[in-house]
Amino acid sequence: MSPARKRGILIGAALAVVAIVVAAVVLLVKEDPAPAATGGPGEPTESASQSPAQVAARFLRQFDTGDLTGAPVDDPAAGTAALSAARAALSGAQVKTSLGEVPTTPGDATTTSATFHASWTFTGNSVWKYEGKLELVRNSGKWVVRWAMSVIHPKLEAGQQLSVAPVSAKPVVADRDGKALVGGDAAGVAPILQGALSKVASEQNGGSGTPATVTVSRVDASGKPVETLFGQAGESDKPLASTLSVASQSAAQKAVDGFQGPAIIVAMKTSGELLAVAQNGAAGNQPKALNGLYSPGSAFKIATATAALQKGGISADSPVACPGSEQIGTRTLKNENGFDLGTVSLKTAFAASCNTTFGRLAGQLPADGLAKAASQYGLNADFEIPGLATETGKVEPSAGGDEQVEAGIGQGRVQVSPLGAALMAATVATGKPVVPKLWQGLETKVNTGYQAPPAGVLNQVRAMMREVCTTGTAKALKGSGAVFGKTGTAQFGSGADANGWFVGYRGDVAFAVMLEGSNDSGPAVRLAAKFLVG
């Protein structure tokens, strides 16, 4: 036989083998169709080849509906009855499950198990989560779930049932005296801070800051409780503690709510612990009290006086001129209603809020003089208070003489927040740098700190601030105790309107009142008096 003929016979034989193999594969595929897809009541029966994981997943889909009719379970009637009773006992709470781990099962195995995660949501958005377990067995060659009460909850036994009851809301966040700020009976307290307080509480509690509105227990056949499974706080559970004071917060909120225009009050211990952050509806729902920046007007004369006293050559008792109007550089300054005091002490000029006096003093300072003094009061500091976005102020070196004159009376580019103004008052009172705090046990991060002015300078500033409240622009506070402070009126926009300020302290409480568009500091003084009466 020739070589060519031999090659032809071999090739033909090979092709015949390939054809036989292909035919066999096609025949095998036709004889082994894929199992039909099923998954709910009325669906086709699962084939014997369905895996334990597929069976468990199908069972859980029907478990979530509360109807186990047609589900892959050995006793669907008993399962449906028990599950319906449990859902009724849980006041119609909705359940959502997801399959967990399913071990690999040998082909000859007759039992196995699977874990799952269950999440029941109750009215009020309380969520009960736990891990459950399914036991699976081969039944007539097919995998099914073995029904038991422990399928509903792993601790539930035969003859037992679930029971739900409402719980008294417990405080999630408390004030410095243990009174509720979030949760409990805290409705309406510190409205502008509710979001921040709740957020931090949730973070501290691992994301579960919403208090449970129900308890879930397992009870015996007589209804006697056996064990609480969800919602009961232990005696050691304590709310997150804030530095706020419900009494101070309520007094501040009452004061601002009684004002028709936008109104803000921030109060803190002179140690820095926040007591109250209040603003009314007219001020909006953003926390301007903590990070809104405004021209402080004459309240900034606290910093201007500090800079002048540190420069030297002048004291609180030094004689200064207070004309009704004066041109300083190219800037003409006027006192309110044009009052003219002639020559008076610096302390008297401060108490009367002479713009001409303090504009002239500012013009004699170095370009960075006011910025340095402002920094000594924390107005260029940067703090991170857990849960709060804050700004204290922004005071930069002046670019020119006219700008410096304007800055000396708290206008131009000088910017201060109500929080920063309260911080300034606290620094005057305590004589030390102050770190604002909202929490007991959660520290404020100091990104940019500051150093307070020298004690000798602060003694004189305190004397001037006391004069404001006895004979000066805030003498309406004479009946409010030993108050130290400074008023301010700051034009904004076109200059047709102005914000009113009062910044001060009494005892160990420093505070700032800011009224948008009040056009006068008098209403801010009156709100301060209402707050101090408390």
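Tutor: Glycine 79 is in contact with Leu68 and Trp147, leaving aside its neighbours within four places in sequence. Contact here means heavy atoms within 4.5 Å. This is a predicted model, where local features need pLDDT of at least 70, side-chain atom pairs count only at pLDDT 80 or more, and totals for chains, interfaces and linings use all residues. Residues are numbered from 1 along each chain as its sequence is written, and side-chain values use heavy atoms, with hydrogens and water left out.

Glycine 79 sits in helix H3 (residues 76–89). Helices (H or I, at least four residues) and strands (E, at least two) are DSSP runs, numbered from the N terminus. Glycine 79 has a relative accessible area of 0%, so it is buried. The cut-offs are under 20% relative accessible area for buried, over 50% for exposed, and partly exposed in between, with a 1.4 Å probe and protein chains only. The C-alpha atoms of glycine 79 and methionine 149 are separated by 8.2 Å, yet these residues are 70 residues apart along the chain.

Valine 145 is next. It belongs to strand E4 (residues 142–145). Its relative accessibility is 0%, so valine 145 counts as buried. Beyond four places in sequence, valine 145 touches Phe59, Pro72, Val73, Asp74, Leu134, Glu135 and Leu136. The C-alpha atoms of valine 145 and phenylalanine 59 are 7.6 Å apart, across 86 residues of chain.

Helix H7 (residues 301–311) is mostly covered, with nine of its eleven residues buried. Among them are Ile302, Ala305 and Leu309. Glycine 312 follows H7 and has a positive phi, near 95 degrees.

Now the disulfide. A disulfide is a pair of cysteine sulfur atoms within 2.5 Å, and a search of the whole structure finds one. Cysteine 322 is joined to cysteine 354, S to S 2.0 Å. Cysteine 322 lies in strand E13 (residues 319–322), and cysteine 354 lies in the loop between helix H8 (346–352) and helix H9 (355–363), so to speak distant parts of the chain, 32 residues apart. The link of cysteine 322 and cysteine 354 is left-handed, with -90 degrees about the S-S bond.

Asparagine 335 lies in the loop between strand E15 (331–334) and strand E16 (342–345). Asparagine 335 counts as buried because its relative accessibility is 3%. The side chain of asparagine 335 reaches the backbone oxygen of proline 323 at 2.8 Å.

Of its 26 lining residues, the closest to its centre are Lys334, Asn335, Glu336, Asn355 and Thr489. On a 1 Å grid over the protein atoms alone, a pocket is an open set of points where a 1.4 Å probe fits, with protein on both sides within 12 Å along at least five of seven lines; lining residues have an atom within 4 Å of a point.

Notes:
Polar contact = N/O pair within 3.5 Å; in protein donor to acceptor, adjacent residues only side chain to side chain.
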